[in-house]
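Please look over the structure below before reading on.

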Amino acid sequence: MATGGLSPANIATPLRALVKRQPNVRVVLAGASGVDVVGRRLLLEDGEVPYDTLVLATGARHSYFGRPEWEARAPGLKTLEDATGIRARILSAFEAAEREEDEARRRAHLTFVVVGAGPTGAELAGALGEIARHTLRDEFRRIDPSAARILLVEGTDRVLGAYAPALSARAARDLARLGVEVRTKTLVTDVREDGVTLRQGETEEVVKARTVLWAAGVEGSPLGRILAAAAGAGTDRAGRVVVEPDLTLPGHPELFVVGDLALFTHQTGSRSRASPRSRCSRGGTWRGRSGRGSRGAPGGRSGTPTRGAWRRSGGPRRSPRSRG
Ligand SMILES: Cc1cc2nc3c(=O)[nH]c(=O)nc-3n(C[C@H](O)[C@H](O)[C@H](O)COP(=O)(O)OP(=O)(O)OC[C@H]3O[C@@H](n4cnc5c(N)ncnc54)[C@H](O)[C@@H]3O)c2cc1C
């Protein structure tokens, strides 16, 4: 959606519609601010909800490594609002390039920097390559969209570092085929209005770019740390809550943390190579097996399609009509 291939209705369904045939499910729109572990109450900004069992799945947000001011210049992709904002930035960059007389400024309009080559960054950069090379082909008169420079910057030595090296190598080849310039072992040291500063070893480089997108880090929602502190559980540096094999918190069979907020360290065998997302998607399976949870807990195998399945069910289309 962030690159214009899908519309919001293709990827999100209102919660009320999803559970309307489950009379024992009630949806409450509210912000949770804390947990009274002893009194078994979820504290809301404007009220509270008592519970017997609490399943916390408040997910994660982007992390700017202590530079929150970068967020306005380099938005991240997590919510529908993020996606529509990014889509507007990308398409207006091509429009600005079409009108720009100055060659250097036109180049900056047509330079896109994606920071972080995990699943989100790699997918974003690849989709940008598809837009530039295919979707927008023949739509402009003064610029050639396929001349856009798409830079994918990654601090470690390979893209998709959580996956097996062979898959990283394949992804790097596919990205190159889509015209994406991959820079590994490269750090972004500054994000400004007019671009980014990159550092590779001792060498610094300033890249003028109108569009910078952030996919370099996430941190758990603040409620994770709040619950962990109240229940005596651990968190990692990113604020994910360390869970038991059945996704409960130690000593609290009534408290579950699932999804992106959970840090599951019990994987063994070859599966430990799976991405954090794959591990998260298995969370529902564990939840279901624990015997304590409700049936139809979110995130089970059948309910959480893999990245590949999402693609098959509606990957980026090339028709310009789908941009709306
Ligand atoms: C661009 C992108 C592409 C992805 N593609 C895939 C894919 O193809 N396949 C795949 O398996 N995974 C994919 N993922 C990952 C997947 O989206 C996440 O793993 C999944 O959404 C995690 O679900 P969750 O329920 O833990 O958290 P979220 O989906 O983040 O949901 C958390 C919810 O909690 C709400 N919330 C947060 N704090 C509070 C609070 N204090 N009070 C009340 N509500 C609160 C938030 O508003 C949000 O609605 C992708 C992620 C991104 C960003």
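The questions and answers below cover backbone angles and nonpolar cores.

This is a predicted model, in which local features need pLDDT of at least 70 and side-chain atom pairs count only at pLDDT 80 or more, while totals for chains, interfaces and linings use all residues. Residues are numbered from 1 along each chain as its sequence is written.

Q: Is Asp 138 buried or exposed?
A: Asp 138 sits in the loop between helix H5 (119-135) and strand S7 (149-153). Helices (H or I, at least four residues) and strands (E, at least two) are DSSP runs, numbered from the N terminus. A residue is buried if 20 or more other C-beta atoms, placed from the backbone, lie within 10 Å of its own, exposed if 12 or fewer, and partly exposed in between. Because Asp 138 has 8 C-beta neighbours inside 10 Å, it counts as exposed.

Q: What is the phi of Lys 185?
A: Most residues other than glycine have a negative phi. Lys 185, in the loop between strand S8 (180-183) and strand S9 (187-192), is not a glycine, yet its phi is positive, at about 50 degrees.

Q: Which residues touch the most other members of the largest nonpolar core?
A: A nonpolar core is a set of buried Ala, Val, Leu, Ile, Met, Phe, Trp, Tyr and Cys residues joined through C-beta atoms within 7 Å. The largest one has 49 residues, and those touching the most other members are Val 115 and Leu 152.
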